[in-house]
Amino acid sequence: MTDPIKLIVHEEPVKRVTLTPGKGRRPSVAVVYATREGDLEVLDGGKPMRWSDQMLTKYRTRYEVDISDHHLSLEFKDDTPLPTQSDVYHFHATVSASFRVTEPAETIRRNVTDAVPLVHGHLLSICRPITRQYSIEEAEEAEAGIHARFRRDTLIQGGITLYAVEVRLSLDEAGRKYLQDIEQARRDDKVRSAQHDTNVNDVARNEHIKQLQQAGDHLLQERERLAMGNRPLDVQGMIQLHLQRHPNDTEGAMKLLLDFEQKRLEYQEQRDDRWQSILATMAANGMAQPADVAPLLDAAVRHLEGSAGVVRAESTVQQPERPAPKPPAAIGWLDRPAAPPQPGPASGPANLAPVYLVLDESADARPWADALTDAAQDLFAAVAARPDVSAALRLSVVGFAERVAVRVPISRVDAEPEVPPLLHRQTADHAALFRWLLDHVPAEHSALKAEHTSVRPPLLILLSAGAPAGDWADPRQRLDRALRRSDVIAFGLGGAVETIAGFASEADLAFVPDAGIDDETAVRQFGEFLKRHVLACGEAARLGSETPSPAPPRGFRPA
């Protein structure tokens, strides 16, 4: 609970006739006089009236207002946390505010008995819209946004001026657990990656041991075959093989032999019953004449005894004659040939084409942030207007500065698409960008294969406005090796003109503005290129035709 800060420290009526000098004031107090009509005046910067002035004064009430510096510490949490982007998690904030009264008359007019509620309410109303623009990973950026808002003195209600505001943000319990889970998963992945080589070697060693054991088993089997003298593996041979492998298991060998004989007798009885049933059926249905039954019975008896010969029976049962197939009729002059089968309606696009729009959100790109947001929005609207092309496209918008932020995840464009605005952030880290693309684009490409049997290589369209810093070349090369046949089309503005060629997958896929073209026009032409080329790629994916090569947009030239 914050203690109240009283600003009106004293109130008394003005005495018109007095024999004593007027009251003095402390340097940290301003004196405010009120007339009978309620008008307020601050005389000579807040000084009290002289004794001689009180004789014929028009003032009736004298107020003393505290104008000293005050320092207040507030916490925004529990019932009043600061929201984050999407309002899923919240920031907890510790705010240190320094303020003073700069308009004492306004303090008396508003009857500000306690400054704490005014300062608390004003800070909360300003901080909430700012933090809602940032995700939980962007606490530093949110703090910087609040500090930028209070960089200058701020006059609020009650004649109070905030001249210093310091904010420290932390995450609520749910947000901390979410980031801890992500960090733990990242660490677990590193551990599993480090263990991968060891696991592969363990599997290779186990397979080698199994091969040696299998080769030993084959050698033993070959020796057994040679010891048996290439005898056939009938029942007697298998029992001999069992006795060779298990010399002390005579009882088991005899049990095997008895079981075999029992199964043979059961099979013979079933066969005899089947023969008798066949003869009885033939005789009952007149399928054989009485003269034919005797030879059949004699042959059956000999067969049951194991010496059946060839049965020669002159049966009178005639086999039904099959009608000869009719030759195909010739097609006459008036006959129409059968119509070929018509293809059914298309079930979907021939391919899926994933496209990533990678846009600079750093301080270098701040002048064009709104225009780039409009270009992305126009692209999504153009794709949404073509449902047949939209079915073949999967679009994503990625913003990058000191870290990467996904503005639109890879997905099909809705009927009413909406692209979040690009934010103004700090200096771009291109090495972090290429590492992020290396971690996410191949994985998302594999996930799309579960949605469609044929997914084209990803297309990356990148716009950079600042000269790259740090070691970005190595992650850029590793991204090329991971994506292989993918195209990376790069556009350079401002400080990125000199190095943009290194960002593209091929030298002829890097573009910079023509001489004499202003940046605003260049961004507008870039937006026209997006609509034209992405729609063409979607149409090619829908039809299964070759992906078109990008032509330099109007106002640009190859870097």
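To compare two helices we need axes, which are lines fitted to C-alpha atoms, for helices over the stretch in contact, with angles that run from 0 to 180 degrees between N-to-C directions. Helices (H or I, at least four residues) and strands (E, at least two) are DSSP runs, numbered from the N terminus. This is a predicted model, in which local features need pLDDT of at least 70, side-chain atom pairs count only at pLDDT 80 or more, and totals for chains, interfaces and linings use all residues. Residues are numbered from 1 along each chain as its sequence is written, and side-chain values use heavy atoms, with hydrogens and water left out.

**Helices side by side**

Let us begin with H8 and H12, whose axes are 9 Å apart and pack at an angle of about 25°. That makes H8 roughly parallel to H12. Here is the scale behind that wording: angles under 35 degrees count as roughly parallel, over 145 as roughly antiparallel, 65 to 115 as roughly perpendicular and the rest as oblique. H8 crosses H12 in a right-handed way. A crossing is left-handed if the near helix is turned anticlockwise from the far one by less than a right angle, and right-handed if clockwise.

Which residues of H8 and H12 make the contact? On the H8 side they include Ala 371, Leu 372, Ala 375 and Leu 379, and on the H12 side they include Phe 526, Leu 530 and Val 534. Contact here means heavy atoms within 4.5 Å. By class, the contact of H8 with H12 has 11 nonpolar, one polar and two charged residues. In this sorting, Ala, Val, Leu, Ile, Met, Phe, Trp, Tyr, Cys and Pro count as nonpolar, Asp, Glu, Lys and Arg as charged, and the others, Gly among them, as polar.

Next come H10 and helix H11 (residues 473–483), with axes 8 Å apart and an angle of about 20°. That makes H10 roughly parallel to H11. The crossing of H10 and H11 is left-handed. Among the residues in contact are Phe 434, Leu 438 and Val 441 of H10 and Pro 475, Leu 479 and Leu 483 of H11. The contact of H10 with H11 divides into 10 nonpolar, no polar and three charged residues.

Helix H2 (residues 115–131) and helix H3 (residues 139–149) have axes that come within 9 Å and cross at roughly 140°. H2 and H3 are therefore oblique to each other, and their crossing is right-handed. Ile 126, Cys 127, Ile 130 and Thr 131 of H2 meet Ala 142, Gly 145, Ile 146 and Arg 149 of H3. These residues comprise five nonpolar, two polar and one charged.

**Pockets and a cavity**

Rolling a probe the size of a water molecule over the atoms shows where empty space is left. On a 1 Å grid over the protein atoms alone, a cavity is a set of points where a 1.4 Å probe fits but cannot get out, and a pocket is an open set with protein on both sides within 12 Å along at least five of seven lines; lining residues have an atom within 4 Å of a point. Grid points are joined across faces, edges and corners, and a volume is the space filled by probe spheres set on the points.

| Space | Volume |
|---|---|
| Largest pocket | about 1200 Å³ |
| Second largest pocket | about 340 Å³ |
| Largest cavity | about 30 Å³ |

Of the 31 residues lining the largest pocket, Glu 137, Arg 186, Arg 403, Val 404 and Trp 436 are the closest to its centre. Which element gives the largest share of this pocket's lining? H4 does, with eight residues. The lining of the largest pocket has 15 nonpolar, six polar and 10 charged residues.

The second largest pocket has 19 lining residues, with Leu 459, Arg 485, Asp 487, Thr 547 and Pro 548 nearest its centre. E10 gives the most to this lining, with three residues.

The whole structure holds one cavity of 30 Å³ or more. Among the residues that line the largest cavity are Val 355, Leu 379, Leu 530 and Val 534. Its lining has 10 nonpolar, one polar and no charged residues.
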